[in-house]
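Here are my notes on this model, as numbered points. Please read them with the structure open.

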Amino acid sequence: MKARRNLAVATLVGAFGITLALPAFSQPRSGPSVESPEVNDSRKVSLRILAPKAESVSLIHSGDIPGIDFRRQPPLQKKDNGVWEITVGPLKPGAYRYQFNVDGVPTLDPRNRRTSESNSVTWSLVEVSGADWIDTRDVPHGAVAEVKYRSATLKQFRRLHVYTPPGYEAGTGKYPVFYLLHGAMDGDDSWSTVGRAGVILDNLITDGKARPMVVVMPNGHIGPFSFGGGAPMFGDFEKEFVADIMPLVEKRYRVHTDRANRAIAGLSMGGAHTLHIGIPNLDKFAHLGVWSSGLFGILPGGPGGDQAKGFLEKNEAILDDPKLKKGLKLFLFEIGDQDFLLETARATVKKLESHGFDVTYKETGGGHTWDNWRDYLREFAPKLFR
C-alpha cells in the first residue's frame, strides 16, 4: 500500500514538473507570522521583514514615498521575535516602491508579491487606496501586455508595454494611440505599475472622461544608465521610436495613423524625449505633453550641456513653420513648484513661445515625484482626441 502511494506521488510530480523536494509539502514555515505591507484605514503603511540574525535593517525607496529623503535610509525597529518594522505615512492614494537594506544587502520584501521594474532594479510595490480615479474599481478593464520585438535600429531585442481599452479584443474598430514615456532610471514597466496607467485609463474611460485609446509605453533607455555615465539619454532612442516602435504598433494594433489621432507625453527624461521626438515629427502628433521637464541644457550651466542649442539649431525650420502649428491641438507643460527642473521648464516654454507656439503651462505643488505624474496623466488623457 505504501509503495502505491509513493508511486502515485512520483507520477504526480513527474506529470506536473514539480521540482520541490517532497518533505517540503509537510514542513510548516518556522518563525512568527509576518504581514507586509499592511495598509491601515488612515493610509499609514507598515513594512516588516523577519530577519532574526540581522544586525541592521533600513528602508530603501526611490523617492516615491513623500516625507522621506531618498538619500537617507530610515532604520526599522527590531522586535523580540526577530521581526523588523517601520510605519510610514499617511500616504496619498497611489503606489509606492521600496526595498529593505538587510546588513548592507538590498532585499525585496519576501512577503509581498507585487513588484515594479525600473531600468536596472526591481522594487517591492505597495498600493494605497482611497480615491476613485486611481483605485481598482468594479468597472470594465482593459489589458496591459508585454510586447517583445526586434529593434532593427539598435540591433537587439527590446520590450514595451501596451494598454488596450475595455472591449478592444472583441471589437474591430480603430483607436487613437497615445505614446507614454517614462523618466530616467525607470523602464517600460513603470507606468503600468507604480504609475497605475491602466487603472487610471480604465476609470477615466468608464466615467466618460476620456476616449478609449491604445497606450504604448516603450523603454526609453537603450542600455544601463546612470547620471554622468552609461547609455546616453538622447539620439538612438528617438531614431528607434520612429523607425521601429511606431511601425510595430501600427502594424500589430488597430490604431489610427493620422496626426489628429496620435499623442505623445512623458515625464522628466520622457518629457525631453517628447520634445526630441515630437518637434522633429510635428506633422505626426497633434498632442504633446511635457511633465517635470524641458530642453536639457537650455539654462547656462544647467543639466544637459549644449543639447538644447543643438536641438534648436537642427529644428529651426520646423519651430518657425506656422503651418505645422495649426494642426497642434494641445501642447501642455506641467511641473511642481518644488521640482529641481522648474527653471528648465520655464525657460523651455519661453523659448517655444518665442517661436510662436501656443503652450499651456501649469505649475502644481510638489516635486519630481510619481504623486504628480499620476495626476498629470489623469488631467492629460481627457484632453486628447476631442
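1. Start with E85. This is a predicted model, and in it E85 is buried, with a relative accessible area of 19%.

2. What does the side chain of E85 join through a polar contact? The partner is the side chain of R48, at 2.4 Å. Setting aside residues up to four places away in sequence, E85 touches S46, L47 and R48, and also L76, Q77 and K79.

3. Now the nonpolar cores. The largest one holds 44 residues. Y179, V216, F241, I245, F331 and F357 have the most contacts inside it. Helix α3, residues 236-252, gives the most to this core: six residues. A second core is separate and has 33 residues, including A131, W291, L332 and L384.

4. Neighbours within four places in sequence are left out here. Y179 contacts V216, F241, I245, M246, V249 and E250, along with A263, I264, A265 and F285.

5. Last, a helix pair. Helix α2 (residues 197-206) packs against helix α9 (residues 370-380) at an angle of about 30°. Their axes are 10 Å apart. The crossing of α2 past α9 is right-handed.

6. Which residues meet where α2 and α9 pack? From α2 come A197, I200, L201 and L204; from α9 come R374, L377 and R378. By class, this contact has five nonpolar and two charged residues, and no polar ones.

Conventions
Residues are numbered from 1 along each chain as its sequence is written. This is a predicted model: local features need pLDDT of at least 70, side-chain atom pairs count only at pLDDT 80 or more; totals for chains, interfaces and linings use all residues. Side-chain values use heavy atoms; hydrogens and water are left out. A nonpolar core is a set of buried Ala, Val, Leu, Ile, Met, Phe, Trp, Tyr and Cys residues joined through side-chain atoms within 4.5 Å. Buried means under 20% relative accessible area, exposed over 50%, partly exposed in between (1.4 Å probe, protein chains only). Helices (H or I, at least four residues) and strands (E, at least two) are DSSP runs, numbered from the N terminus. Contact means heavy atoms within 4.5 Å. Axes are lines fitted to C-alpha atoms, for helices over the stretch in contact, and angles run from 0 to 180 degrees between N-to-C directions. A crossing is left-handed if the near helix is turned anticlockwise from the far one by less than a right angle, and right-handed if clockwise. Ala, Val, Leu, Ile, Met, Phe, Trp, Tyr, Cys and Pro count as nonpolar, Asp, Glu, Lys and Arg as charged, and the others, Gly among them, as polar. A polar contact is a pair of N or O atoms within 3.5 Å; within protein, one must be able to donate a hydrogen and the other to accept it, and residues adjacent in sequence count only if both atoms are side-chain atoms.
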